[in-house]
Amino acid sequence: MVRLNSPEMDHISVCQINLYQQCSLKYKFRYIDKIPSAFISVNLAFGSAIHSSLAWLHEEIVKGNMPTLEEFQQVFSIEWYSQTIEENINYNGCNWTELLEKGKAMLALYHENPAKEIQAIESGFIIPIINPATGEQLDTPLKGIFDLVLSSGTIVEFKTAGKTFDLMLLHKMLQLTAYSYAFEYLYKQKPSNLKLIAFIKNKNPKMEQWETTRNEKDYIQFFNITKNIITGIKNKIFFPIYTYLCKDCEYLEECKKWEGK
Ligand code: SF4
C-alpha cells in the first residue's frame, strides 16, 4: 500500500478555497509544489493597485481627510507603476496606459460617494470553522481579510472584473459566505449587509454595487464545501479544469506537462 504524505495545513484561506474551486491543479502548483509563477497576471497586478489605492483613500477618510480626485488618482498611478515594475507581467493583449486610464476612471466613480463610517480597513482574521448545526469543528482554521467593514455592520468587498457579475454568482459566492460567517463569529452578530463593489474594466469602465446576505443554511454549506476541499487537499486530489481562465494561468506550461500522477 502506498502511504500518502498529507500536505501540512496550518490554515486554509478564503483565497485558497477560491483557487481550489477554480482549478485544484493550479492550487497544487501554487501551494503544494510552490512553483514560482512564470509571470504575474495583469489582472492580479491591476486588482492589487486598485485595492491599495482604495485602502489609502479609506485610511485618509478615517484620519478626517478627504483627498481630492487628483490626489486619489495620483496614488493609483504610483500603485499601478509599482505593481508593474517587474518585467514578467503578462499583459495578455492589454495596454499599460489604457489600464492606467481605466483604473483612474473607475476610481473617479467611487470617489463621488466613498464609504465614510468606517470601522476596519483590510482587517485580517483567523477563526475556527464550525458547523452551526452540529458544532463539528474542522482542525484547520479559516484565514481571511475583510476589505472594509463599516460601522453599520456592512462588509464591503471590492472586485475588479472584465464583465458584469451575474446574480446567481453573487448569491452563491463562497467568499462572501466566508466573510459573513467570520463577521458573525468575531462580532457575535450578523452583518447587516454584504456589499460587493465591482469595477468593470470594459471599454467604458463602470462601477456596480450589489448587496446580499447569508443565513445559517449558507454557513452549513460553506462548512461542508470547505471540509471537502480540505479532504481533497490532504488526499492529494488535484485535476485540471480547463476554462477561459487558462489563457491567463501562470502554470500553463506545467499544466501541459502534467500527466495526472
Ligand atoms: S492551465 Fe487551466 S487547467 Fe491548467 S492549471 Fe492552469 S487553470 Fe488549471
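Because the model is predicted, local features were taken only where pLDDT is at least 70 and side-chain atom pairs only at pLDDT 80 or more, whereas totals for chains, interfaces and linings use all residues. Residues are numbered from 1 along each chain as its sequence is written, and side-chain values use heavy atoms, with hydrogens and water left out.

Helices (H or I, at least four residues) and strands (E, at least two) are DSSP runs numbered from the N terminus, and two strands are said to pair if DSSP finds at least two bridges between them. Strand 5, which spans residues 142-150, has seven of its nine residues buried and is therefore largely enclosed by the rest of the structure; here buried means under 20% relative accessible area, exposed means over 50%, and partly exposed lies in between, with a 1.4 Å probe and protein chains only. Strand 1 (residues 12-13) pairs with strand 5 in the parallel sense over two bridges, and within this pairing isoleucine 12 stands opposite leucine 142 of strand 5. Strand 4 (residues 118-127) runs antiparallel to strand 5 and is joined to it by eight bridges, with serine 123 placed opposite phenylalanine 146 of strand 5. Strand 6 (residues 154-161) is also antiparallel to strand 5, the pairing resting on two bridges, and isoleucine 155 in strand 6 is the bridge partner of valine 149. Strand 5 and strand 6 form a hairpin with three residues between them, and glycine 153 in the turn has a positive phi of about 90°.

On the surface, Ile237, Phe239 and Ile241 form a nonpolar patch with about 240 Å² of accessible area together. Such patches are made of residues with over 30% relative accessible area and no salt bridge, like charges being joined within 9 Å and nonpolar side chains (Val, Leu, Ile, Met, Phe, Trp, Tyr) within 5 Å, and the areas come from the Shrake-Rupley method with a 1.4 Å probe, where for residues only the protein chains shown count as cover. Isoleucine 241 lies in the loop between helix 8 (216-234) and helix 9 (252-257) and is partly exposed, with a relative accessible area of 31%.

A search of the whole structure finds 12 salt bridges, each defined as a side-chain nitrogen of Lys or Arg within 4 Å of a carboxyl oxygen of Asp or Glu. One of them links the side chains of glutamate 60 and lysine 63 at 3.0 Å, N to O; glutamate 60 counts as buried at 12% relative accessibility, whereas lysine 63 counts as exposed at 58%. Another links lysine 206 and glutamate 208 at 3.4 Å, N to O, where lysine 206 counts as partly exposed at 35% relative accessibility and glutamate 208 as buried at 10%. The side chains of lysine 256 and glutamate 253 also meet in a salt bridge, at 3.3 Å, N to O, and both residues lie in helix 9, three residues apart, about one turn of the helix. Lysine 256 counts as exposed at 59% relative accessibility, while glutamate 253 counts as partly exposed at 46%. Elsewhere, salt bridges that share partners join Lys26, Arg30 and Glu250 into one network.
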